[in-house]
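Please consult the sequence and structure shown here.

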Amino acid sequence: MFRWLLVVFLALLLINSVTPWLQKLGFGRLPGDIRFRLFGREIFIPLTSTIILSVVCALIAKVI
């Protein structure tokens, strides 16, 4: 259980550090990424970006 917690923590840390670079490439602004304002708060749901990144990670995992 501790190993999974460590893996999730490291993955979130990696994603957080790579996010500005991915935004420069256009992730977060793809068709299918939903961004709307509700009660003065901006809500962002990155559906397409998540699917693309999942496929890329799966391909990398398959190669390794």
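Ile34 has Ile45 of E2 as its bridge partner. Strand E1 (residues 33-38) and strand E2 (residues 41-46) run antiparallel and are joined by 6 bridges; two strands pair if DSSP finds at least two bridges between them. Strands (E, at least two residues) and helices (H or I, at least four) are DSSP runs, numbered from the N terminus. The hairpin of E1 and E2 has 2 residues between the strands, and Phe39 takes a positive phi near 55° there.

The model is predicted: local features need pLDDT of at least 70, side-chain atom pairs count only at pLDDT 80 or more, and totals for chains, interfaces and linings use all residues. Residues are numbered from 1 along each chain as its sequence is written, and side-chain values use heavy atoms, with hydrogens and water left out.

The count of salt bridges is 2, each defined by a side-chain nitrogen of Lys or Arg within 4 Å of a carboxyl oxygen of Asp or Glu.

| Salt bridge | N to O distance |
|---|---|
| Arg35 and Glu42 | 3.0 Å |
| Glu42 and Arg37 | 3.7 Å |

Glu42 counts as partly exposed because its relative accessibility is 44%, whereas Arg37, at 57%, counts as exposed. Buried means under 20% relative accessible area, exposed over 50% and partly exposed in between (1.4 Å probe, protein chains only).

The charged end of Arg35 also sits over the ring of Phe44, 4.3 Å from the ring centre; this requires CZ of Arg or NZ of Lys within 6 Å of the centre and within 35 degrees of the ring normal.
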